[in-house]
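Here are my notes on the model, as numbered points. Have the structure open while you read.

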Amino acid sequence: MSNSKKLFLRSKKVIPSGINSPVRYYDPYPFFVAKAQGSSMWDVDGNRYLDFCNGYGALLLGHRRKEIVSNVLLQLKKGTLYCAPTELEVELSELISKNFSSMRKVRLVNTGSEATMTAIRLARGFTKKKKIIKFEGCYHGAHDYVLVKAGSGAAHNGISISDGGLDEVSNNTLVVQYNNSDELASILEKEKDVAAVIVEPVLANMGLVLPEKNFLNDIRKLTKEHDSLLIFDEVVTGFRMSTGGAQKYYSIKPDITTLGKALGNGFVIAAVGGADKIMDMLSPEGKVYQASTYAGNPISVVAAISSVKTINKIKNKLYPRLERACKALASSLGDMASDMGIPHQINSISSMLQIFFTDRPVVDYSTAKAADSAKFKKLFGGLLKHGVFVAPSQFETVFLSSAHSDEDIKKAISAYERALKTVKK
Ligand SMILES: Cc1ncc(COP(=O)(O)O)c(C=O)c1O
């Protein structure tokens, strides 16, 4: 019996489903990790995997980037948690603000979920309105405001995705089709109590779905017209699409932005920010409550400062190289699938991509859901067998990091080729 299997059986006895976040499970059991470095992870049985899951996008600079590790080691000698302010927090917030001009003031939090929860509460406090609008298939964390799917009513009042989620909360979240600004316009016309529209500017939680031309501009325009705030959830896209995230990439200025993942390159940190007049609503000066013991802890903050400084330093090489590698992977993947006669779509941008087994373009939730996920499962299994780890779900995204060498990309293409053969069968 493999060491991973032994650990999984042991884990199931003390951890629900044997894992600490649902998507980590796949049949028959996940490999258990021993260590990681650069573009690779090794499991407890000594197998090596090229990592294209990359902490669901967090590891833009790869595992154990040297500048980050050495700065964190230095900080470990000075303390791990003060719960009193530090110059480091000021420095990081200044850096974020410089990179994201819409984030004039920044609160540091721990996770993306905390950031979106705070952003929504802020929007409600600021506008004195109650409802929010989200787009079907966008993921903004595991809390009741956003763990919502479209209900059946004409107004698209959301219903909770989760047992234990309160429909009294979900009812205040309206759900609109992604890439459908006409639907958004008509709901905003009817519904006068909308505090904010929250969106993943590039949708990386339904596989990868790109915003169609004008979609983001339309949302910006409509939210302004209806006195609702626009929240860009850049937990995935922040720092990944550019030094200033998707908002810089598309030249759109949201009212509130949430960051996470690549901000700390694998350390636990997230942020929420916006204009002074919005951010000043936060307690203790303002009346919108937000708090956390670990917010701004020096270990995560040092890691984030190092990440952002490294990204800013290498940006001229980093982004073009990632984009080139991603394009090479996506186009080889497309060619191989076409040559094998496998109906497919590939969505790709920046350093992200995903393949869907369907002959219709994937532009929203229903077209993503229509893809053959059983085929994706085969692809995932095949990739794993050939030493490539991608997120184990059709509804996640393949992420590249700066640690992937040209050789790694070649190996990944060859693994995809072999895995696609199992899809074809
Ligand atoms: C776009 C987006 N927002 C928010 C979150 C929640 O972040 P976290 O898992 O750190 O709570 C995620 C997580 O995947 C995400 O992809």
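This is a predicted model: local features need pLDDT of at least 70, side-chain atom pairs count only at pLDDT 80 or more; totals for chains, interfaces and linings use all residues.

1. A word on the ground rules. Residues are numbered from 1 along each chain as its sequence is written, and side-chain values use heavy atoms, with hydrogens and water left out.

2. Back to the ends of α12. Asp372 caps the N-terminal end, with a side-chain oxygen 3.1 Å from the backbone nitrogen of Ala374. After the helix comes Gly387, which has a positive phi, near 80 degrees.

3. Which residues of α12 are buried? They are Phe376, Leu379, Phe380, Gly382, Leu383 and Leu384 (buried is under 20% relative accessible area, exposed over 50%, partly exposed in between, using a 1.4 Å probe and protein chains only). These buried residues pack against β3 (48–51), β14 (352–356), β15 (388–389) and α13 (406–424).

4. Leu379 turns up again in the largest nonpolar core, which has 67 residues; Leu379, Phe52, Leu92 and Leu263 are those with the most contacts inside it. Helix α10 (residues 298–339) gives the most to this core, at 17 residues. Domain 1 (3–64 + 314–424) and domain 2 (66–311) both contribute residues, so the core lies between them. A nonpolar core here is a set of buried Ala, Val, Leu, Ile, Met, Phe, Trp, Tyr and Cys residues joined through side-chain atoms within 4.5 Å.

5. Take Leu92 as an example. Setting aside neighbours within four places in sequence, Leu92 is in contact (heavy atoms within 4.5 Å) with Leu108, Leu263, Ile269, Val301, Ala304, Ile305 and Val308. Apart from this core lies another, of 26 residues, including Leu203, Phe215, Leu216 and Val362.

6. On the domains: the bounds come from an automatic or database domain assignment. The C-alpha centres of domain 1 and domain 2 are 25 Å apart. Their contact takes 35 residues from domain 1 and 33 residues from domain 2.

7. Now the charges. There are eleven salt bridges, counting a side-chain nitrogen of Lys or Arg within 4 Å of a carboxyl oxygen of Asp or Glu. One of them joins Glu191 and Lys131 at 3.8 Å, N to O. This pair links distant parts of the chain, 60 residues apart: Glu191 sits in the loop between α6 (181–190) and β9 (194–199), and Lys131 in strand β5 (residues 131–135). Lys131 counts as buried because its relative accessibility is 15%.

8. Where does Arg321 find its salt-bridge partner? Arg321 pairs with Asp406, the closest N and O atoms being 3.6 Å apart. Arg321 is in helix α10 and Asp406 in helix α13, so the pair ties together parts 85 residues apart in sequence. Arg321 is partly exposed at 25% relative accessibility, while Asp406 is exposed at 56%. Elsewhere, salt bridges with shared partners join Arg104, Lys105, Asp276 and Asp280 into one network.

Notes:
Helices (H or I, at least four residues) and strands (E, at least two) are DSSP runs, numbered from the N terminus. A polar contact is a pair of N or O atoms within 3.5 Å; within protein, one must be able to donate a hydrogen and the other to accept it, and residues adjacent in sequence count only if both atoms are side-chain atoms.
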